[in-house]
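Thanks, everyone. Let me put the chain on the screen and walk you through it.

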Amino acid sequence: MFKAFELAGYGEDEVRKRFGGMVNAFKFGAPPHGGCAAGIDRMVMLLADTANIREVILFPMNQRAEDLMMGAPSEPTSDQLMELRLRVMPEE
């Protein structure tokens, strides 16, 4: 991988500084798809000839990352807060 960056004009120190996360991830091996995976939901969208991926995605969310079918996210119950030893502070 460093050879590819070297061809682009980056030294090893610069690659580690700017792309350290990717360098660490590649220590565990390359992804089996080579980084060019379309995603099953994207393929189903194309096969179903729909304009929006949310029509075919398994757990669709709106623009505010809310799942309207599950009502999530929601306010935590007092039991959940106690279990996690958290408390909600009132806004000032």
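First, the ground rules. This is a predicted model, so local features need pLDDT of at least 70 and side-chain atom pairs count only at pLDDT 80 or more, while totals for chains, interfaces and linings use all residues. Residues are numbered from 1 along each chain as its sequence is written, and side-chain values use heavy atoms, with hydrogens and water left out.

Overall fold. The chain has 5 helices and 0 strands; these are DSSP runs, helices being H or I of at least four residues and strands E of at least two, numbered from the N terminus. The radius of gyration is 22 Å, well over the 12 Å that the globule rule gives for 92 residues, so the chain is more spread out than a compact globule. That radius is taken over C-alpha atoms, and the rule is 2.2 Å times the number of residues to the power 0.38. Along the principal axes, the C-alpha atoms fill a box of roughly 55 × 45 × 25 Å.

Burial next. Of the 92 residues, 9% count as buried. Buried means under 20% relative accessible area, exposed over 50%, and partly exposed in between, with a 1.4 Å probe and protein chains only. Contacts, meaning heavy atoms within 4.5 Å, tell us about range. Among those with a separation of 6 or more, 3% join residues 24 or more positions apart.

Now Val15. It sits in helix α2, residues 12-18. Val15 is buried, at a relative accessible area of 0%. What does Val15 contact, leaving aside neighbours within four places in sequence? Phe2, Phe5, Tyr10, Gly20 and Val23.

Two of those partners, Phe5 and Tyr10, bring us to the rings. Phe5, Tyr10 and Phe19 are linked into a cluster by ring pairs. Rings of Phe, Tyr and Trp (its six-membered ring) pair if their centres lie within 6.5 Å; planes under 30 degrees apart are stacked, over 60 edge-to-face, the rest tilted. The count comes to 3 aromatic pairs. Phe5 and Tyr10 have ring centres 6.0 Å apart and planes at 75°, so that pair is edge-to-face. Phe5 counts as buried at 14% relative accessibility. Tyr10, at 27%, is partly exposed.

Last stop, Asp67. It lies in the loop between α4 (40-48) and α5 (78-83). Asp67 touches Pro60, Met61 and Ala72, not counting residues up to four places away in sequence.

That's the tour. Over to you.
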